[in-house]
Amino acid sequence: MPVHEITDPDDVRIADYRALTDVELRTRWEPPHGLFIAEGELVLRRALRAGYPARSYLVDAKRVDQLADLDTGDAPVYAATPDVLEKATGFHVHRGVLASFHRKPLPTAAEVLAAARRVVVLEDINNHTNLGAIFRGAAALGIDAVLLSPSCADPLYRRSVRVSMGEVFAVPYAKLDRWPVGLDEVRAAGFTVLAMTPAADAVPVQRLTPAQRARAALLLGAEGPGLTGAAQAASDVRVVIPMRRGVDSLNVAAAAAVAFWELGRDDPVDG
């Protein structure tokens, strides 16, 4: 595995990794160039197993051996000191391993729905940490796919990928470009759209009927404002996680995990 030493943080060969903490810059750079950044050895290995082709690797010079078993193919491996890495990326790369990957074409919503039994639909989730945590919960708790409204954050942004521990690669996702009328497509595919809301008149999630659970599309809104009125109006049932001790709601990722578990509680337990 040939390794190329990088001594200048402005070296054009590592342009993919420039200013990784600048969300606006990365948003303008990554999707238009068809790339995303994976941070940490575990995450980059999961990206490779999921079939994402690597563009390059950028590694702390002391950690090059961590990639020794990889078939890096045509993707160059760059090594630098921690100081050069920090100046190039804008943060201390404490995991010591970064990789730039080519994105794969997204499936259509129809393709995702056809292969799913239970999905989550996200409206205006633009916090990358929450988005990554929702993907991790979806992978762990039996959600087959994720559908995103047009204003949702990018699941392949570095922070989302890291928080999900690479599970964004395991759960299929697609965009609903027309919102909220795109929920009609979800319903037409045989799903019951369940809108999560703290409203007092919503149905407790544990009281859903078997028919409502059978093919559930759980609809979640952004932290704070929650679902828009239009999205709630386009749903079939409004549901709530009952709260105690005067707490009015949970963080959206925590609420998602509770609802995911409840919807799948009667699923067979894997050995």
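Predicted model: local features only at pLDDT ≥ 70, side-chain atom pairs only at ≥ 80, totals over all residues.
1. Helices (H or I, at least four residues) and strands (E, at least two) are DSSP runs, numbered from the N terminus. With that convention, helix H1 spans residues 23-33, and H1 is followed by glycine 34, whose phi is positive, near 65 degrees.

2. Residues are numbered from 1 along each chain as its sequence is written, and side-chain values use heavy atoms, with hydrogens and water left out.

3. Strand S5 (residues 97-102) deserves attention, because 5 of its 6 residues are buried, so that S5 is largely enclosed by the rest of the structure; buried here means under 20% relative accessible area, exposed over 50%, and partly exposed in between (1.4 Å probe, protein chains only). Strand S2 (residues 35-39) pairs with S5 in the antiparallel sense over 5 bridges, where two strands pair if DSSP finds at least two bridges between them. Within that pairing, phenylalanine 36 has phenylalanine 101 of S5 as its bridge partner. Strand S3 (residues 54-60) is likewise joined to S5 by 5 bridges and runs antiparallel to it, and serine 56 has serine 100 of S5 as its bridge partner.

4. Threonine 89 lies in helix H3 (residues 82-89) and is buried, with a relative accessible area of 0%. Its side chain reaches the backbone oxygen of phenylalanine 91 at 3.0 Å. Leaving aside neighbours within four places in sequence, threonine 89 is in contact (heavy atoms within 4.5 Å) with Tyr17, Ala19, Leu20, Thr21 and Leu98.

5. A second topic is the sheet with parallel pairing, which is open and has 7 strands in the order S8-S7-S6-S11-S9-S12-S10. Its edge strands, each pairing on one side only, are S8 (173-175) and S10 (203-204). Strands S9 (residues 192-196) and S11 (residues 216-220) run parallel and are joined by 4 bridges, with leucine 218 in S11 as the bridge partner of leucine 194. Helix H10 (residues 252-263) packs on this sheet, touching strand S6 (119-122), S9 and S11, and its direction makes about 165 degrees with that of S11; axes are lines fitted to C-alpha atoms, for helices over the stretch in contact, and angles run from 0 to 180 degrees between N-to-C directions.

6. Valine 203, in strand S10, is partly exposed, with a relative accessible area of 30%. Not counting residues up to four places away in sequence, valine 203 touches Leu208, Val237, Arg238, Val239 and Val240. Valine 203 and proline 242 are 39 residues apart in sequence, and their C-alpha atoms are 9.2 Å apart in space.

Definitions and conventions: Polar contact = N/O pair within 3.5 Å; in protein donor to acceptor, adjacent residues only side chain to side chain.
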